[in-house]
Amino acid sequence: MPVFISVGLCVAFNASAADSGEIKASRLRELSLEELMDIQVTSVSKTEESLSSAAAAISVVTNEDIRRSGATTIPEALRFVPGMHVARRNSNTWAVSSRGFSSISSEKLLVLTDTRSIYTPLYSGVFWDVQDYLLQDVDRIEVIGGPGAALWGSNAVNGVINISTKKAQDTQGVYTEGVVGTEEQSAGVRYGGETPGGISYRVFAKHFDRDGSYAPDRVSEDDWRMTHIGFRSDWDASAADGWTVQGDAYRATVGQLAPSISIIGRVGAQGQLESELSGGNVLGRWRHTISDSSDLQLRAYYDRTHRDDPSYRDDLQTVDVDFQHRLAPTPQQELIWGLNYRRTDNDNVGKGIFNLNPHASVDNVVSGFVQDQIALTDPLRLTLGTKLEYNDFSGFEFQPSVRLGWQLSSRQLLWTAVSRAARVPTRLERDIAIDITNPAGNPVGRLLGNDDFDSEELLAYEAGYRWQGLDRLALDLTAYHNVYTGLASLEIEAPFIAADGRTVIPVVNRNLNDGTADGAALLATFVVQKSWRVIGSYSYVNISIDRGGQDQNRGRFIEGSTPRHQFGLRSLFDIAPGWQLDLQLRHHTAIRKIPDIVTGEGIEAYTEMDLRGAWRMTRDVEFSIVGQNLLHDHHTEFGSVQARGQIERSVYGKITWGF
Amino acid sequence: MLLCCLMNAVIVEAAGPPVAPEYQVKAAFLFQFSRFVQWPAESFSSADAPLVICVLGANPFGSALQEIAAGEVVQAHPLSVERHDRVEDVADCHIVFVSGRDENATRQALGYLSGRRVLTVSDSSDFAGRGGIIGLVTVDGKVRVQVNRSSADAAQLRISAKLLRLADQVG
């Protein structure tokens with residue numbers, strides 16, 4: 001039963017230094033060569049080991065999870081993470097949120113790719129349409145539910161998504177893939193090699209072409225295509241020094257069902273709406289090991305994105321420098337501290353309706369963090385941390401957290417945490433200036449940004465329990481009570497006379513709403529037999545907003561935009577050597593309100609199913625067929641009536657060839 | 001960015017495919033190799049002399065290798081584990097592991113130990129292709145074994161048919 005032994009083993013490894021790993025060593029020793037070759041190895045440095053009992057709601061989507069899910073995009077790969085809500089509005093936009101607050105611009109989530117932040121300061125959401133990967137080379141996606149602000153910083157309010165690609169050493173050789181399906185075609189190729197000096201590298205290229213969603217009454221279509229190239233190189237210059245340099249560039253054309261900005265009564269962009277998008281980045285990282293318990297890391301990146309949308313043109317350049325140092329001041333402590341500087345240079349020029357004033361802005365964020373993990377007694381571990389940040393939007397932000405992990409036994413961990421996190425204002429909230437009534441009229445209503453709008457704040461109380469029981473069953477349960485203060489509320493304020501002599505009625509964001517979110521998430525993994533795993537997940541959230549201003553809409557929408565219950569079931573079955581049959585089922589209860597000021601009606605509950613069959617013909621060649629959203633011809637998941645398209649049933653065939 | 005939770009991550013996914021830290025698994029491989037390789041009798045000073053597993057240069061195993069080898073007896077030889085910095089000091093070891101993170105040690109091992117009665121093992125890239133005897137390579141997160149038979153022959157080591165069948169042969 002080696003498959004289960006290693007499970008116990010990991011937990012034992014985790015338990016504490018006091019176990020000194022005897023169980024793991026003796027059990028690994030009993031495994032045969034074949035069994036050893038079947039183990040998934042994890043590269044865990046000393047840091048990760050001793051920080052293991054850091055108590056938080058963490059889920060990992062592994063490379064295998066992604067492959068067997070049939071997902072071809074990152075949002076689709078996140079669908080079964082407990083506590084998350086993923087809803088596809090149309091072919092190329094998703095609402096991806098953690099612990100409620102679902103919207104296309106979910107701004108309370110921090111998303112990183114190889115430590116590079118990919119949310120936009122424009123509205124603090126992620127443009128998922130340009131987050132493309134050769135998924136074969138994605139190592140893992142870590143999802144941390146709840147505040148991660150003490151370590152990760154602002155915007156890590158309701159969660160952190162951390163996408164890591166594989167090291168170049170692990171992607172050697174040629175790999176090619178091709179996808180042909182009813183909704184998408186794609187082709188990708190990667191080559192990995194090593195220079196004589198021991199520098200590993202890979203280069204890749206990918207192109208996809210995806211069909212639009214089902215929206216027969218619309219004049220504009222939302223089909224989209226992208227070409228993407230990139231590289232990564234890793235060099236272990238010595239036992240103590242490692243270097244990484246990576247970068248990528250893309251160009252995409254993305255269709256829209258409706259203008260991305262629209263105001264009732266004003267004419268927006270018309271005809272076939274298409275955005276031309278491009279971008280690229282380069283990142284360098286140096287890791288230096290001082291000793292088993294101490295190391296440092298210096299990382300810097302430059303990133304630029306360009307969006308030529310029918311409603312605006314947006315250019316963003318980001319420079320980010322990050323330093324971290326880990327040390328063990330005493331044997332019972334592990335201390336990590338770091339400094340970060342980020343400069344964003346954003347220029348957004350509206351076309352027609354949309355307007356930011358000023359249209360260009362350079363903003364700086366300087367932050368430092370310190371976290372100390374202390375082994376209080378053998379099974380008890382306390383983690384204290386805080387981030388102190390200064391940003392040009394809201395000034396100083398102090399984001400501390402206290403976490404306590406209690407290793408009840410080698411198979412059980414109980415943890416609890418209290419954290420404060422802040423969602424910093426966005427450029428939209430600070431700089432927007434849009435006339436929402438006839439711009440020639442007098443008086444004129446105007447949506448205005450304001451410097452007085454402050455961060456939205458969260459105080460989060462969390463607890464969790466993990467249990468590895470009976471070797472075959474693992475449970476991971478998390479519950480949280482979030483208290484929000486100063487949530488945005490759109491307020492009509494006293495009119496003033498503008499420079500042109502007209503009367504302006506300003507509509508501005510104020511921190512007038514408060515609220516609570518109560519939720520729970522459960523993940524249960526059942527190993528039926530070595531070749532068959534069944535994984536169940538359940539998420540619950542109940543949000544209640546106290547409306548402290550005139551804006552009655554916003555609170556209602558937040559309360560209603562995330563399904564109260566989500567159920568997921570996955571079955572991963574190795575039918576025979578080389579043959580896999582995987583199934584996934586999901587059920588979301590109704591979305592009661594959509595975050596759309598105009599209509600705001602809800603969306604019905606739905607159930608959907610995906611199926612995947614795969615045949616590994618030789619060690620190098622695999623064929624698979626994936627059916628997605630098989631239960632309906634098409635169904636609605638999210639979004640306002642104008643902007644949403646229904647998600648169609650689809651089938652694709654995929655061939656991968658790598659050696 | 002921060003590494004904090006990788007091990008928790010392992011817990012979360014633990015009931016999935018069997019998962020273990022990389023170098024514990026590789027330590028277990030070294031232990032298995034001691035059982036599937038036959039050294040010439042001259043390699044041992046007596047029938048119950050220890051079978052010595054050495055780590056040359058950087059030690060990525062922590063204490064895992066000692067723990068796995070502790071108390072084990074293979075072909076009447078008790079296992080012992082040593083770590084050395086100089087390649088001259090490992091010439092009498094039976095198995096020598098060099099870490100892929102230590103390119104210097106890798107080059108030394110490939111040069112100095114080639115042709116000696118030493119089973120050289122490494123996770124340096126293309127170690128077996130470069131003349132080492134056994135290379136450990138990670139493919140899709142699983143460890144695969146590469147064997148260079150001509151290097152093994154030159155070292156007068158007999159590798160069991162079972163190991164050869166499971167391994168990829170290179171060189």
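Domain bounds, as used here, come from an automatic or database domain assignment. For chain A that assignment gives domain 1 (1-41) and domain 2 (42-658). The centres of domain 1 of chain A and domain 2 of chain A, taken over C-alpha atoms, are separated by 33 Å.

The structure is a predicted model, in which local features need pLDDT of at least 70 and side-chain atom pairs count only at pLDDT 80 or more, while totals for chains, interfaces and linings use all residues. Residues are numbered from 1 along each chain as its sequence is written, and chains are lettered from A and ligands numbered from 1 in the order in which they are written.

**Confidence**

The model scores ipTM 0.82 and pTM 0.77. For chain B the mean pLDDT (the predictor's confidence in each residue, from 0 to 100) is 82, and 88% of the residues reach 70 or more. Over residues 1-17 of chain B, pLDDT stays under 50; the model has 58 contacts beyond four places in sequence for this segment. A contact requires that the C-beta atoms of two residues, placed from the backbone, lie within 7 Å. Where pLDDT is low, the predicted coordinates should not be read in detail.

**Composition of the two chains**

Helices (H or I, at least four residues) and strands (E, at least two) are DSSP runs, numbered from the N terminus. A residue is buried if 20 or more other C-beta atoms lie within 10 Å of its own, exposed if 12 or fewer, and partly exposed in between, with C-beta atoms placed from the backbone.

| Chain | Helices and strands | Buried residues |
|---|---|---|
| Chain A | nine helices, 35 strands | 48% of 659 residues |
| Chain B | six helices, eleven strands | 57% of 171 residues |

The radius of gyration of chain A, taken over C-alpha atoms, is 25 Å; this is close to the 26 Å from the globule rule (2.2 Å times the number of residues to the power 0.38) for 659 residues, so chain A is as compact as a globular protein of that length. Along the principal axes, its C-alpha atoms fill a box of roughly 85 × 55 × 50 Å. Of the contacts in chain A with a separation of 6 or more, 63% are between residues 24 or more positions apart.

**Nonpolar cores**

A nonpolar core is a set of buried Ala, Val, Leu, Ile, Met, Phe, Trp, Tyr and Cys residues joined through C-beta atoms within 7 Å. The largest has 67 residues, of which Leu78(A) and Ile141(A) touch the most other members. Strand E21 (residues 412-423) of chain A gives the most to this core, with five residues. Not counting residues up to four places away in sequence, Leu78(A) touches Val61(A), Met84(A), Val86(A), Val96(A), Ile141(A) and Val143(A). Another core, of 55 residues, lies apart from it and includes Ile39(A), Leu113(B), Val121(B) and Ala128(B).

In helix H4 (residues 103-112) of chain B, the buried residues are Glu103(B), Ala105(B), Thr106(B) and Ala109(B). They lie on the same side of H4(B), because they cover an arc of only 160° around the axis (from the directions of the helix axis to the C-beta atoms). These buried residues pack against strand E12 (224-236) of chain A, together with strand E3 (51-56), strand E6 (95-98) and strand E7 (119-122) of chain B.

Helix H9 (residues 553-560) of chain A has Arg554(A), Gly555(A), Ile558(A) and Gly560(A) buried. The buried residues of H9(A) pack against strand E25 (473-492), strand E27 (503-529) and strand E28 (532-546) of chain A.

Lys387(A) is placed in strand E19 (residues 380-391) of chain A. Lys387(A) counts as buried because 27 other C-beta atoms lie within 10 Å.
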